[in-house]
Structure formats: C-alpha cells, structure tokens
Amino acid sequence: MGLKDCHNFSDFRKLAKRKLPSPIFHYIDGAADDEVTYKRNTEAFNEVDLVPNVLRGVEQVDLSTTIFGKKLDLPFYCSPTALQRLFHYQGERAVGKAAQKFNTMFGVSSLATVSVEEISSMIDTPKLFQFYYHKDKGLNNAIVERVKAAKFDVMALTVDTITGGNRERDLRTGFTSPPKLTLSSLISFAIKPMWGINYVTRGKFELPHLQDHVKEGTSTATSVGNYFSTMLDQSMNWKDAENLCSKWGGHFALKGVMSVEDAKRAVDIGCTGIMVSNHGGRQLDGARSPFDQLAEIVDAVGDKVDVICEGGIQRGTHMLKALSMGAKACAGGRLYLYALAAAGQEGVERALNQYRVELERDMKLMGCTKISDLSRKNLRFRK
Amino acid sequence: MSLKDCYNFDDFRKLAKRNLPAPIFHYIDGGSDDEATLKRNTEAFSKCDLVPSILTSVGEPDMTTEVFGEKIKMPLFLSPTAMQRLYHYDGDKASARAAEKFGTFYSMSTMATTSIEEISNVSGGPKMFQLYIHKDKGLTDNLIDRCKRSGFKAMCLTVDTVVAGNRERDHRWGFTTPPKLTLKSLLSFATHPMWSINYLTHEKFQLANVSHFTKKGSSIAKGVMEYINEQYDPKMNWQDAEYCIKRWGGPFAIKGVMSVEDAKRAVEIGASAIMLSNHGGRQLDGSRSPFDQLPAIAEAVGGKLEIILDGGVRRGTHVLKALSLGATACSFGKGYLFALGAGGQKGVEALLQRMHDEIRRDMILLGCKTIKDLKKTNIAYR
C-alpha cells in the first residue's frame, strides 16, 4: 500500500498504521474512556441529510471563506496538534508548507516540535497559535511575546484540557513524550525501523516553546495526559482568559467551547472566534459532538464571532453540512495527521487536495457555487 | 447456485457476483464516498410500517397504473442504466425484451451499449430515453430527434450528474469503459472466463448512441467518472431543461430532483414528471433518500406532475409504501442489473416475475384492489 492508494481518510489511517510504531499510532488514533464521543463526532453527520438543488449552472466553484479577518482559499484548516515530529520527521514543517500551498490556516500547538520563529520564517500564510495556560506564568508571558514577535495572526486558548483525558490506549502502550522504550513497546519500535532511524537521525526531539521552562516532555518523559494534569493551571478562569485576550491584542479564540452560555461569555470577553470542539473525543468521553451542538451555538453567537466546527470531520460532505448549519469554517487534526504519518508533506498535500476536490464536487452536486450559498435550507433532519 | 435459487434482490446480487469480474460487479454494487446514502435509500423504507385493511373482498388485484401517458401492468419499471453489455452480452436487448413481457417501461441510457434504433427494432414495449446534456449541443438534438423517430414514449433528463460522484470502489478496481486490464483486475477477469469469452466473441463494445460524436468510451479506456467530467455540461440550467422539453414535445421527466423548490420549478417549465432520485447513492453521499423526501414532494407537487420514486427499491412492499405516500410509480436500477448479470434476459424476467408476484401478494395482504386504494392511511411511522 502506497500513498497513491489513499483515496480517503480511512486509507490514510491504514497507511499511517503501517508506518508508525504502535504507541504513536494509538496516540493519534485513540480517545478518552470508551471512545464514545470520538465515534459520535463523525456519526453525528449521518443524522442529517443534504437536499440538493439542480440545474443551477455550476461550472465554477469558489471555496474561499474569511475567518479572523483572513481570506482562506478553503473553508477548512489544520487544527493545532502536538508533537508532530513524532509522526513524521518533517513534522510541523510539512504541515505548514502544505497549508501554505493551499492557502489555508495552519494551527501550531504549544506542544509543537518546531518553533514559531522557524514556522514564521518558512510560511507567510495565516497562522494560528494554540495556547496552553501553564501554572508557570513566566512561561505563559514568554510564549505570548514570542508568538507576537513571530507575527502569528490568531491566538486560540484551549479550555478543555484543564486535566488530562483518560486515554486508555496510551496507558496500555506506555506512550510518552519523548518516546520511552518499555518492554511492551520495544517490539513495536523494532519492527518499524524506518521510523526509528528517522527519529534518531533527523534532529533532536524538542518542544521549543516549553523546554526552556519545563523539563517535562523533553528531558523527562511524560504522557500527554499527565502533562496536562501536572503542568497546566487548573485554576484558570474567565478572568485569565480575558487578560490573555487583551494581552494578545489581536484575533483571539477559545478552543473547546461547547455550551451556549460559554459561547456568549466568549463574546463578552472580546473573542473574535470560538472552536466548537471536544478535543477530538480525547478529553471528556460522553461529551456532545460539535456538529450536534453547532446549531445552538450558531443561533446564539454566529453573528458576533467566527464559529469553527472542529471534530469528527472525515469527508467533504461533513464540511458541507457544518457550513450549511452556519459554521464559518471547519477544522480537524486527524484530518491531516494520518496523512502526515503516511508520507510527510506529500501526504498532507494529497489529503488537503482530496478534501478540496471532494468539497468542490459536493458543492456542484448541491447546486452551490460559493460558501455563502450554503444554508440550513439544504439540510433535513431525520425524524 | 442458479437462477432458480434466486428468490430476492440479495440472491440475484450473489449470483451476479459469481458471474461478473470484480471491477464490473463493484461498478454496479458501489456508491459514492462512504456509501451512507446508498444504504439509507433502502433502510428508509423500514422507518415506517404498513397497516392492512382486512375483509375487503380483494379478489384479483389490478396492478395497472398510468405513467408517461402509458398504461403499464405493474407500478415498477426499469431505470435507465449505462453500459449494460458489460453485465451480459445481450445488454439492453435483454432488459427491453423482459420489460415488454411484463408490460412495463424499459429505459435506455445515453451511455447505452446498444443504439436507439436497434432497441426499437427488438422491442415494441413502452420505452423511455434518458438524456445527459453533453457540452456538444448537437449531440443533445441528435438524440432527441432519433428517439422521436424510433417511437420512444418518454424522455428523462438526468440533472444530478453535473460532476461525477466519488466512487471509490472504481478507483480501487480500476474500472474503465471499455474494460482495461490492470494487474489487479487481470486475475478477476481470468477467474470469470465465461464473461471474458462472451465479451470478446460478441459484437464490439461501444457507447452506441454517442460513439459517432465522441471517441471517448469506445476507443479509449476511460473511467466513467472521467467521461462524465469531460463530456457533460456543468453549466446546464433550467433553460436547457426547458429547451429539451419543448424539442421533445411528449412526456418528460426531470431525473434527480430532490428539493421541494426544484420540484415546483419542474412543474413550471412543463415537465410531466419528476424522478425523485439521488442516482442510487452514487453521486452526493450524505444526500437525503428519495423515500425520506417523498412526503414533502408529494405534498408540494402531487397531482401536478407524476412522481417516480427511484432509489433503494428491493421489495414489493417498498413499492407499496412509496405508492401509499404519493408516488405514481417506482423504478429501479441495481435490482435488474444484478439479474441481468445473473442470467441475461431470463434473469431480468425472473426478477420481474418475483417483483410482480410480491406486489400482487402484498396488495392482497394489504386489502387493496387497485393502485388507487394505496393511501397514506396504510402507513404508520414508528
């Protein structure tokens, strides 16, 4: 199986599974507890049907959309995800360059393995920085300044990782950052020698935004769940978010808002966007899926902030449904991570292109030529 | 396993799977993307139940109904489907003769492998022609005029294929027309020698209606999806549809209407029918199933034009449910294509016999004497 056999999300997933040592694959693939929310995130899209309009003359389709004041060529972007150089030695460099090629936004995690300075010198397309609010206030301040200096366009504060989700696959495989060899993981690393060779020879593993302040994650191996639980500030509240928002002074979003009440409050503290997200089902299992919750959120704040639907998206039609419901854009992590693991930058480009092609085709089949043509009139819920 | 073991859709499908090389079987069997709509099309029928009336002295039920100005003997007919000679060397001839025998419509696709003229010579039954608007407008006029001369009764314009659906099974199997041997498909053709011998020893494969206009599909191995994207006109609009209706001047259906708004517009431009269809789940995955959408459509345009329910029909009870909710008739594609693959004309006849018997038996069990007796009151939603 090669990259050219990858026609959809599950093909990329299969290829990634072949390439990655199993603890790393399962870190991407897994979610919290029984993974009920993880499954629901995608299934939710199947409870509503598209109703197309015909004979509209649909030769040219414009997929561009504007979020956070930036015009993107595509109505979807790459969500920030941690530790990308564990998935492919090119890591954030691959995803950033691929995103630039398609003129869409690239989200960079606090737990990124390439620095904001390097990314900023590498790509000139819209960039979002994802912020984890640490106990160490010096660390928080330093990051804000660096991201400002690197001229990022958007800051997104993640609010759904106040403590680590119960990712049982990581407990079983012993996944840590940096990877640590245990008796049970030894074999899985040994049978994927290419991954091991690349990991050892392609530059030292780093968390450039954190390692000057904390040793966990780089010189001390830790699981991601444990990192959240021990390093992040559990007393974080609305005041802290508001302060961060004004300290940043640019486009600011809360990532992981699910309730209408919180969405309204995000508007009050000066946010210009929110990501409706449950962290890809990796935190609170049993939490509502973003798509199920989307209509309420859009009705409450859709005219005041950019509402992004994030979670479970695997198809162009899923995006079409979210956009019809009123999301300004869609985002996803696994959406491109399997492709990254499968083939680096080339893989991510192939994945982004497939979603673009799917969306363009689906728009034509819906009888729509621009994103603003999509509305709830296109949707019917099953009774 | 043989035709006499085929009692239902699944049996015919199984037999077709044995007879056909894998790329060809999967071309019939597959849908687009995750095939969610393909599955839903049939599942939708299970979301409501039939409620029979008893002691209605049914006797022998009358299954005739009128569609496209023709009386047909059962309220189910053959949807247009492409390239039937891939499934059996008799192709459209087999389907047309079988439909004639059961007194119902046979439909011919623009992408048929037998010509309009040839079919009108072998079958005197009611025939519909399915039109794709190509970028080459001369081809559209040519097809309409030839159908008129050849005594076709009705015409439909397909509007849900402005771009090809994402049929991933075809990507994987390398399905092209005419069939091209790839390393992966070679084994599959080799293990179905009867199909291969028949394919090679019967007349040359061609898209008989369009081959004089385009070299594509006959001399070059092209994926169907590529053909659609290159040849069909994505600018197609309501004026084009109206033009076809006028030029044809007879019973005319728009095939692939799903929204209430579009159904009303079809009435306005003078269509005599719509085919409520999502192309058998082969185009926009995630789109609503025809049966789910039927009540809203029937409420908006019922009585103003004929509503054909096309998609997911596998059982007599499916037909009865659709007619109860306001459809004039049903049509199906996959069902008879598997039967064609399973046994040519005999296969299609065996299937139509099964469907005929099912509809008849189910009408009796429902307590309905005529098609008109099928009403909303026969249906209860869960």
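## A buried phenylalanine

B:Phe68 has 25 other C-beta atoms within 10 Å, so this residue is buried. That count comes from a predicted model. B:Phe68 sits in the loop between strand 2 (65–67) and strand 3 (70–72) of chain B. Its backbone is worth a look too: phi of B:Phe68 is near 50°, a positive value in a residue other than glycine. Most residues other than glycine have a negative phi.

Now turn to chain A. There, A:Phe68 is found in the loop between strand 2 (65–67) and strand 3 (70–72). A:Phe68 is not a glycine, yet it has a positive phi of about 50°. Is A:Phe68 buried or exposed? A:Phe68 counts as buried because it has 23 C-beta neighbours inside 10 Å, and the cut-off for being buried is 20 or more.

## Chain B as a whole

Chain B contains 15 helices and twelve strands. Its C-alpha trace spans about 60 × 50 × 40 Å along the principal axes. How does the radius of gyration of chain B agree with that of a compact globule? For 382 residues, a compact globule would have a radius of gyration near 21 Å, and chain B has 20 Å, so the two agree.

Of the 382 residues in chain B, 58% are buried. Among the contacts in chain B with a separation of 6 or more, 73% are between residues 24 or more positions apart.

## The sheet of chain B

Chain B has an open sheet of eight strands with parallel pairing, in the order 4-11-10-9-8-7-6-5. Which strands are at the edges? The edge strands are strand 4 (76–78) and strand 5 (106–108) of chain B, and each pairs on one side only. From one strand to the next, the twist averages 30°.

Strands of a sheet pair through backbone hydrogen bonds, either parallel or antiparallel. You can follow one such pair at the strand 5 end: strand 5 and strand 6 (residues 127–131) of chain B pair in the parallel sense over three bridges. B:Tyr106 stands opposite B:Lys127 in strand 6 of chain B.

## Two helices that cross in chain B

Two packed helices are described by the angle between their axes and the distance between the axes. For helix 12 and helix 13 of chain B, the axes come within 9 Å and cross at roughly 35°. The crossing of these two helices is right-handed.

Which residues of helix 12 and helix 13 of chain B meet? Helix 12 brings B:Val260, B:Ala263, B:Lys264 and B:Val267, while helix 13 brings B:Ala296, B:Ile297, B:Ala300 and B:Val301. By class, this contact has seven nonpolar residues, no polar residues and one charged residue.

## Where the chains touch

The two chains also meet each other: 30 residues of chain B are in contact with 25 residues of chain A. On the chain B side, the elements that give two or more residues are helix 7 (168–173), helix 11 (238–248), strand 8 (252–257), helix 12 (260–268) and helix 13 (290–301). That side of chain B has eleven nonpolar, nine polar and ten charged residues.

## A covered helix in chain A

Helix 5 (residues 91–101) of chain A is mostly covered, with eight of its eleven residues buried. The buried residues are A:Gly91, A:Glu92, A:Arg93, A:Ala94, A:Val95, A:Gly96, A:Ala98 and A:Ala99. They pack against strand 4 (76–81), helix 4 (84–87), strand 5 (106–108), helix 6 (116–122) and helix 16 (334–366) of chain A. Just after helix 5 of chain A, A:Asn103 takes a positive phi of about 45°.

A:Asp285 lies in the loop between strand 9 (273–276) and helix 14 of chain A. The C-alpha atoms of A:Asp285 and A:Thr37 are separated by 5.3 Å, although these residues are 248 residues apart along the chain. Beyond its neighbours within four places in sequence, A:Asp285 is in contact with A:Ala32, A:Asp33, A:Asp34, A:Glu35, A:Val36 and A:Thr37. A:Thr37 is one of the buried residues of helix 3 (residues 36–43) of chain A, and the buried residues of that helix pack against helix 14 (290–301) of chain A.

One more backbone detail is in chain A. Most peptide bonds are trans, but a cis peptide bond joins A:Ser177 and A:Pro178, with omega about -10°. A:Pro178 is in the loop between helix 8 (168–173) and helix 9 (183–190) of chain A.

Note on methods: Residues numbered from 1 in each chain as written. Chains lettered and ligands numbered in written order. Predicted model: local features only at pLDDT ≥ 70, side-chain atom pairs only at ≥ 80, totals over all residues. Contact = placed C-beta atoms within 7 Å. Helix = DSSP H or I, 4+ residues; strand = E, 2+ residues; numbered from the N terminus. Nonpolar A, V, L, I, M, F, W, Y, C, P; charged D, E, K, R; others polar. Buried ≥ 20, exposed ≤ 12 C-beta atoms within 10 Å, placed from the backbone. Axes fitted to C-alpha atoms, helices over the stretch in contact; angles between N-to-C directions. Left-handed = near helix turned anticlockwise from the far one by under 90°. Rg over C-alpha atoms; globule rule 2.2 N^0.38 Å. Pairing = 2+ DSSP bridges.
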